[in-house]
There are 2 protein chains.
Amino acid sequence: MSESAETIGEIGEGATLARIFPLLPASARTVIGPGDDCAVVTVPDGRVPLTTDLMIEGPDFIIGLSTGFDIGWKACATNLADIAAMGATPTALVVGLAAPASTTVSFVEDIARGFRDAAAALAPGCGVVGGDLSHGPVVMVAVTATGEFDGVEPVTRSGAAIGNLVAVAGELGAAKRGLDLLLAGAFGADGTPDRDAVDALWESNPHDVAAQLRPSPPIGLGVVAARAGATAMMDISDGLVLDARRIATASGVAIDFDLAAVGSLDALTGGEDHSLLACFPPLATIPKGFRVIGRVAPGDGVRVDGVPFDARGGWDPFSDYSAESQ
Amino acid sequence: MSESAETIGEIGEGATLARIFPLLPASARTVIGPGDDCAVVTVPDGRVPLTTDLMIEGPDFIIGLSTGFDIGWKACATNLADIAAMGATPTALVVGLAAPASTTVSFVEDIARGFRDAAAALAPGCGVVGGDLSHGPVVMVAVTATGEFDGVEPVTRSGAAIGNLVAVAGELGAAKRGLDLLLAGAFGADGTPDRDAVDALWESNPHDVAAQLRPSPPIGLGVVAARAGATAMMDISDGLVLDARRIATASGVAIDFDLAAVGSLDALTGGEDHSLLACFPPLATIPKGFRVIGRVAPGDGVRVDGVPFDARGGWDPFSDYSAESQ
């Protein structure tokens, strides 16, 4: 990825930070940026959304399948999606990065570039305002994102009402297809990632591989959905059915999907698309970018074409991942 | 620590979270708490401080020296100190926790109790509003804290002016003494922590051991210093000299410490006290709880009794820690 084999252990924390800072995206809301005890950002609305996520080498990504750039992009995109799913506009991120001392500086710079390009592409004006760099046994990226509501009420998971239309913006199942492609075809005979094989998959299946490694959720549609009257919204991180069940439970209703509109069984259970799942009143104008895939009904849980769908789907970091089995 | 050997791998993410939620401190500023895509907290002032820190098993704590409660307490206290050091009042935390599947549920509950008790003791009204739980090869706690300025201007590192008095609130060197005691006396013949030895050190040296394992920085004095006119402030995480040098550099001045007032050479270099170091105009009334230990002078760097103090001091997670050497 880079000709430089200089490691962060060799140059230390301060010099590594000096290399990263110029690469990070700036926030239009910055009062005080990186380098003090805290960053300070403005919150014109008086209410601030906060979300945090860990991305850890092993359960969340495999170095070699993902480049540093991919890791930064995805860590950025997934946290932006959580802000968008509240109906807010992302404004600022703080990023904690832990890595072994043998990690190359260029790898860390690539992570910073991933944040920069994802923020520019998905949420222009949102930037990294602070962070922490530490020593860990594997690469871990801890991101906290914030944003602003600009007068719109936060859209939670608990407001779905019977008769609401259920709509989605973004991919369904593509990230899972990309993961399956990578797991099946990107490892060499020795069980380690083969970069040439990864590159070949990028070429043959760019859409699905990108959905897995560099997802592009429709961040700007979060506030659009809120303005259109969305009653409940979330981003689909763990799979459509599993996440829809969370809205159903929080709202005390059932959600009934139309399989033909959803597209495929895979689209019901594949996770990591970070698409936006939203409920709208029956008379609302569904915003451009959303497509209706179901309806809110009396009862509980998730149904597909009227039949209860009890397959678990989704992902649990403990039951679905074992370091020992890798 | 607990009779239960139930692990988080056995009960999974959802059940673990259900056990943790009731233990977490609540925030008085919560609009939306844990369980949605984001938490939402109010920010009456329109400006929000953000700080994030990673605490990682190995470089930052050793399980056996630290209990789960100690880890939660310290992760909470150190992030509160960063908010206080801006002159703000901490209001809310989001917490990412990664741990091996073999981690007991009771250990994770103890971490939550540490957050609860530290928040109650150091920043009443501040609470945990969200988080993430994931699988990692070691225990890692990623905390992001926010707060409110309540009309006070943020106090950065760059405002120290020649003639200012330099004052500190809190311990100097106690956390380092506690660490030295633990490193020298808390390990058994096999090189692993000996809980009985740790308990004996707690009994014989409660002040210094607490300063290291459960620090109690004077969080409430941050906003007090800001109201008293503090021109620059930071929390001393990496040692008095190293952190004072950061203020000196950011402000374009020198800081001259009075060794008799500082108390000892150890107090100059020992890190992790998270005390508040602040500069005040010469005519300011130094708030109760602060003691004057030096003065801002022309020049650069840090001096002690007028003599440049160039010893590095402080801590770098890469050059000062090697997993291989542990």
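**View 1. A:Pro49 faces B:Val40 across the chain boundary.** In this predicted model, A:Pro49 sits opposite B:Val40, a residue of β2(B).

**View 2. The side of chain A that touches chain B.** Here 60 residues of chain A are in contact with 60 residues of chain B. The top contributor on chain A's side is strand β3 (residues 47-56), which puts in nine residues. Sort that side of chain A by class and you count 33 nonpolar, 17 polar and ten charged residues.

**View 3. Chains A and B around the rotation axis.** Turn chain A by 180°, with a shift of 0.0 Å along the axis, and it lands on chain B with an RMSD of 0.0 Å. The two copies are therefore related as by a two-fold rotation axis. Both copies use the same surface, since 100% of chain A's contact residues turn up again in chain B.

**View 4. The seven-stranded sheet of chain A.** This one is an open sheet with mixed pairing, and its strands go β8-β10-β7-β11-β9-β12-β13. At the edges are β8 (232-236) and β13 (307-308), each with pairing on one side only.

View 5. β8(A) pairs with β10 (residues 275-280) in the antiparallel sense, over five bridges. Within this stretch, A:Ala232 is opposite A:Cys279 of β10(A). Helix α8 (residues 240-251) packs on the sheet and touches β8, β9 (254-257), β10 and β12 (301-304). The helix direction makes about 155° with that of β8(A).

Note on methods: Residues numbered from 1 in each chain as written. Chains lettered and ligands numbered in written order. Predicted model: local features only at pLDDT ≥ 70, side-chain atom pairs only at ≥ 80, totals over all residues. Pairing = 2+ DSSP bridges. Helix = DSSP H or I, 4+ residues; strand = E, 2+ residues; numbered from the N terminus. Contact = placed C-beta atoms within 7 Å. Axes fitted to C-alpha atoms, helices over the stretch in contact; angles between N-to-C directions. Least-squares fit on C-alpha atoms with pLDDT ≥ 70 in both. Nonpolar A, V, L, I, M, F, W, Y, C, P; charged D, E, K, R; others polar.
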